[in-house]
Amino acid sequence: MMLLNRSHMPALDGATQWINSEPLDPPALRGHTVLVQFWTLSCINWLRTQPYVRAWSQAYQDKGLVIIGVHTPEFSFEHDIHNVRQAVAQRGISYPVAVDSDYTIWRAFGNQYWPALYFIDDNGRIQDHHFGEGHYTESEYLIQQMLGIARYPVSPEGDGVEADADWAHLLTPETYLGFIRTENFEAPNGVVLNAPRVYETPEPLQSKHWALAGTWTVRQEFVQLDQPGGSIACQFLARDAHLVLTRQTLEPIEFRVLLDGEAPGRSHGVDVDADGNGTLDESRLYQLIRTNGTVGERRLQITFSQPGALAYVFTFG
């Protein structure tokens, strides 16, 4: 964590909506220790911090701690309040959430990261901040110091997408699929932007690279499947593989995941069964693979039964 210059907490009046609370502002929060967390619903780094933030809320809310989540969207579908409310319910968030769809609170804090924590004392001064995952014990001790109490730190264990990453084997970085930020996209016959094209997956696929098969449109934020049976392949080295997905169709879209050309079996993620079957029915991050056994370089392929699937980013854990 890095010490700030004791600036005061900015106003929260830029929120477009509030969840779990009436609108809050710094004067009303005086006398409380406040923890502000910036998040966005499909971010794997935020998801893995949630067991700790939930546990802090439960452990310290009666001691004077107020946690405020600020949801500032990364992708277009994260502006949809239905998706935000769904994430709040799924992640067991009972503390107030400011919906920051216009980035007003983000800019007021000068924030640049998901997730980000800002520690604010009972006089409304920002004492410290932390960006990203980790440093949970140090963060909790700071909360205790600001509250004037001492106790053993919490020790939550996350399940599914909330479980800590296997950092020792996480060697593939997050991989965006939309053309603004994509890297390592293999398309032997070239890429067409914002128009349908038939793609073929090269053999072999290089390490940490990805490719399309079938008829897809490559857009700024995502790749869009235009005909049934299209697939995305990714060569990765990590325990877990996730993909952020949404859909254009009213009906859910079935998909099938293969690992090195076979059903994943005991290495299936929480959103896939042992045969590799899953359903795209919500706009969120899907865990496709959680390796059971030795972690090594693997090939993931996901095939969609119907057009209308939108894929944004692979993340790993």
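**Terms and their cut-offs**

Guide: In the chain, 74% of the contacts with a separation of 6 or more are between residues 24 or more positions apart; contact means heavy atoms within 4.5 Å. This is a predicted model, where local features need pLDDT of at least 70 and side-chain atom pairs count only at pLDDT 80 or more, while totals for chains, interfaces and linings use all residues. Residues are numbered from 1 along each chain as its sequence is written, and side-chain values use heavy atoms, with hydrogens and water left out.

Visitor: What makes up the chain in helices and strands?

Guide: The chain has five helices and 18 strands. Both are DSSP runs numbered from the N terminus: helices (H or I) need at least four residues, strands (E) at least two.

Visitor: Why is the chain called as compact as a globular protein of that length?

Guide: The globule rule is 2.2 Å times the number of residues to the power 0.38, and the radius of gyration is taken over C-alpha atoms. For 317 residues the rule gives 20 Å; the chain has 21 Å, close to that, so the chain is as compact as a globular protein of that length.

Visitor: Why is Thr-246 called buried?

Guide: Buried means under 20% relative accessible area, exposed over 50%, and partly exposed in between (1.4 Å probe, protein chains only). Thr-246 has 6% relative accessibility, so Thr-246 counts as buried. Of the 317 residues of the chain, 55% count as buried.

Visitor: Where is Thr-246, and what is it in contact with?

Guide: Thr-246 is in strand E13 (residues 240–247). Leaving aside neighbours within four places in sequence, its contacts include Phe-77, Leu-280 and Tyr-312.

Visitor: How do you know that the side chains of Thr-246 and Ser-283 make a polar contact?

Guide: A polar contact is a pair of N or O atoms within 3.5 Å; within protein, one must be able to donate a hydrogen and the other to accept it, and residues adjacent in sequence count only if both atoms are side-chain atoms. The side chains of Thr-246 and Ser-283 make such a contact at 2.5 Å.

Visitor: Why is Asn-184 called partly exposed?

Guide: The relative accessible area of Asn-184 is 33%, so Asn-184 is partly exposed. Asn-184 lies in the loop between strand E8 (175–176) and E9. Although not a glycine, Asn-184 has a positive phi of about 60 degrees.
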